[in-house]
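Please read them with the coordinates open beside the text.

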Amino acid sequence: MIRRGVILGGVLTLALAACGRSEKGVNEVGPRPDLPEIRETLAPPMRIAKPVGWGDETPRAPEGFVVTALAADLRIPRQMLVLPNGDVLVAEGRGGGAPALRPKDVIAGVIKKRGSTQVKGGDRLTLLRDADNDGRAEVRTVFIDGLNAPYGLAYVDGRIYVAEQDALVSFPYVEGQTRITAPPEEVTRLPAALNHHWTKALTASADGATLYVGIGSNSNVGERGMAVEEERAVVWAIDRLTGVRRTIARGIRNPTALAIEPSSAALWAVVNERDEIGPQLVPDYLTSVREGAFYGWPYSYWGRNLDPRVRPQKPELVAAAVTPDYALGAHVAALGLSFARDGGFGGGFDEGAFIGQHGSWNRQDLAGYKVVWVPFVGGRPVGEPVDFLTGFLTDKGEARGRPVGVWFDPQRRILLVADDLSNTVWRVAPTTASSR
């Protein structure tokens with residue numbers, strides 16, 4: 001009998017040989033990215049960076065910044081929230097569980113598992129307190145436990161809101177608390193069937209009246225049937241006090257992080273796009289979330305570019321599809337979004353967005369694995385993205401870490417970065433007060 005691993009390995013080798021590498025000279029970022037021809041494959045050109053750990057190294061920030069580990073040995077840190085008193089909440093956990101649909105899904109699962117932590121998810125929030133601001137948390141407690149794959153976090157008017165993979169819940173909070181034992185109060189249920197994309201992004205409107213939740217699709221491109229995609233690939237607006245919700249955007253494949261742009265109070269998202277039509281298709285993107293907009297999934301990508309795999313097509317929807325604002329590159333897996341506020345770090349980092357890119361698994365030339373800065377002017381992205389935190393990959397293409405959530409804290413002028421491979425929260429701070 002031929003072993004399953006041998007079969008998978010043979011299929012994988014053939015797939016990689018057929019796919020090749022990315023084309024040179026293709027612009028994958030900005031408001032007008034190049035869109036190469038579709039290159040459908042038996043399996044995507046899978047390559048995951050082998051985990052090797054940080055050792056004595058830390059991520060690399062631009063000159064004038066210092067990087068420290070605020071906390072290590074966490075249990076899969078995802079998104080973060082800084083409370084008014086400076087305490088940091090970290091959502092830890094792992095969700096999902098959709099069964100594999102095709103042989104290529106099994107292969108992809110094996111490959112992706114090789115590049116992720118072997119630590120069991122915490123299903124909790126951990127509190128970190130760095131009262132002396134030396135870059136290392138001297139207080140660390142389990143703040144709320146027994147959660148169901150928590151991800152998105154928000155704080156409004158004395159309550160902490162947590163987007164679990166199946167519900168949006170809240171907890172009463174008194175400033176300075178280091179643990180909450182009160183039971184959760186449900187705001188609303190969230191779509192949880194299959195949970196191919198289980199992460200539920202969360203942010204609050206500028207006035208705190210509305211909670212926005214991002215809900216990813218249940219498939220790559222509708223191959224499980226569209227019945228399971230009801231209220232998937234959407235963004236919900238939820239009345240914070242009543243739990244009444246409405247869908248404000250559709251066809252937005254996997255909105256993994258949401259944030260409010262401070263100068264306009266507009267809602268923005270980073271979105272992970274589809275796979276299996278080429279190493280440079282389709283670009284993941286940063287976009288404003290426009291009321292009533294349809295972003296194309298699964299019928300089209302980057303506006304009205306048809307995806308030929310989807311049957312039947314819906315030309316009336318494609319005709320109305322909007323183009324995202326800013327491409328981040330194909331398969332970079334953007335999972336974190338946080339805007340600079342109150343002048344940011346100053347210099348070239350005063351107005352714009354920090355974006356955590358978890359890193360590719362489905363292209364031969366590794367992409368992502370860093371935190372980038374997208375400059376803004378007048379509430380809109382401009383220019384090229386700038387590498388802000390790197391070193392997550394070694395020169396040999398091995399992974400020391402993989403960034404997820406990011407959080408800019410204007411009061412303390414620091415950037416926090418969750419790394420779910422090394423299970424660390426990194427703190428990036430100016431070396432001197434004069435760097436503004």
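Does Leu-194 count as buried, partly exposed or exposed?

1. Leu-194 counts as partly exposed, because its relative accessibility is 32%, a value that lies between the 20% limit for buried and the 50% limit for exposed. The coordinates come from a predicted model, and that should be kept in mind for every point below. Leu-194 sits in the loop between β10 (185–189) and β11, and its phi is near 65°, which is a positive value in a residue other than glycine.

2. Arg-413 is another residue other than glycine with a positive phi, here near 50°, and its place is the loop between β27 and β28 (414–419). At 12% relative accessibility Arg-413 counts as buried, because the limit for that class is under 20%.

3. Two cis peptide bonds deserve a look in the viewer. One joins Trp-297 and Pro-298, with omega at about -5°, and Pro-298 belongs to the loop between β18 (293–294) and β19 (300–301). Another runs from Arg-311 to Pro-312, again cis, with omega near -5°; Pro-312 is found in the loop between β20 (305–306) and α3 (315–318).

4. The second largest pocket holds about 740 Å³ of space. It is lined by 34 residues, of which Leu-81, Val-82, Thr-203, Arg-341 and Trp-407 are the closest to its centre. The elements that contribute two or more residues to this lining are β3 (77–82), β7 (152–156), β11 (200–204), β15 (255–261), β22 (334–339) and β27 (403–409). Sorted by class, the lining of the second largest pocket comprises 23 nonpolar, eight polar and three charged residues.

5. β11, one of the strands that line the second largest pocket, has five of its five residues buried, and it is therefore largely enclosed by the rest of the structure. Side chains in a regular strand alternate between the two faces of the sheet. In β11, Lys-200, Leu-202 and Ala-204 point one way while Ala-201 and Thr-203 point the other way, and all are buried. Thr-203 is also among the residues closest to the centre of the second largest pocket.

6. β11 pairs with strand β12 (residues 210–215) in the antiparallel sense, over five bridges, and Ala-204 has Leu-211 as its bridge partner in β12. The hairpin that these strands form has five residues between them, and within it Gly-208 takes a positive phi near 80°.

7. β7 likewise gives two or more residues to the pocket lining, and four of its five residues are buried, so β7 is largely enclosed by the rest of the structure. β7 pairs with strand β8 (residues 159–163), also in the antiparallel sense and over five bridges, with Val-156 standing opposite Arg-159 in β8. The hairpin of β7 and β8 has two residues between the strands, and Asp-157 takes a positive phi near 50° there.

8. Which residues of helix α2 are buried? They are Lys-104, Ile-107, Ala-108 and Ile-111, and they cover an arc of only 95° around the axis, which puts them on the same side of α2. An α-helix has 3.6 residues a turn, so residues three or four places apart point the same way. The length of α2 (residues 103–114) can be checked as well: at 1.5 Å a residue its twelve residues should span 16 Å, and the end C-alpha atoms are 17 Å apart, which agrees.

9. Gly-336 is in strand β22 and counts as buried, because its relative accessibility is 0%. Although Gly-336 and Ala-149 are separated by 187 residues in sequence, their C-alpha atoms are 17 Å apart in space.

10. Pro-45 is placed in the loop between β1 (29–30) and β2 (65–71), and with a relative accessible area of 5% it is buried. Pro-45 and Ala-320 are 275 residues apart in sequence, and the separation in space, C-alpha to C-alpha, is 32 Å.

How values were computed:
Residues numbered from 1 in each chain as written. Predicted model: local features only at pLDDT ≥ 70, side-chain atom pairs only at ≥ 80, totals over all residues. Heavy atoms only, no water. 1 Å grid on protein atoms, 1.4 Å probe; cavity = no way out; pocket = protein on both sides within 12 Å on 5 of 7 lines; lining within 4 Å. Points joined across faces, edges and corners; volume = space filled by probe spheres on them. Nonpolar A, V, L, I, M, F, W, Y, C, P; charged D, E, K, R; others polar. Buried < 20%, exposed > 50% of the residue type's maximum accessible area, 1.4 Å probe, protein only. Pairing = 2+ DSSP bridges. Expected span 1.5 Å × (residues − 1). Arc of directions from axis to C-beta.
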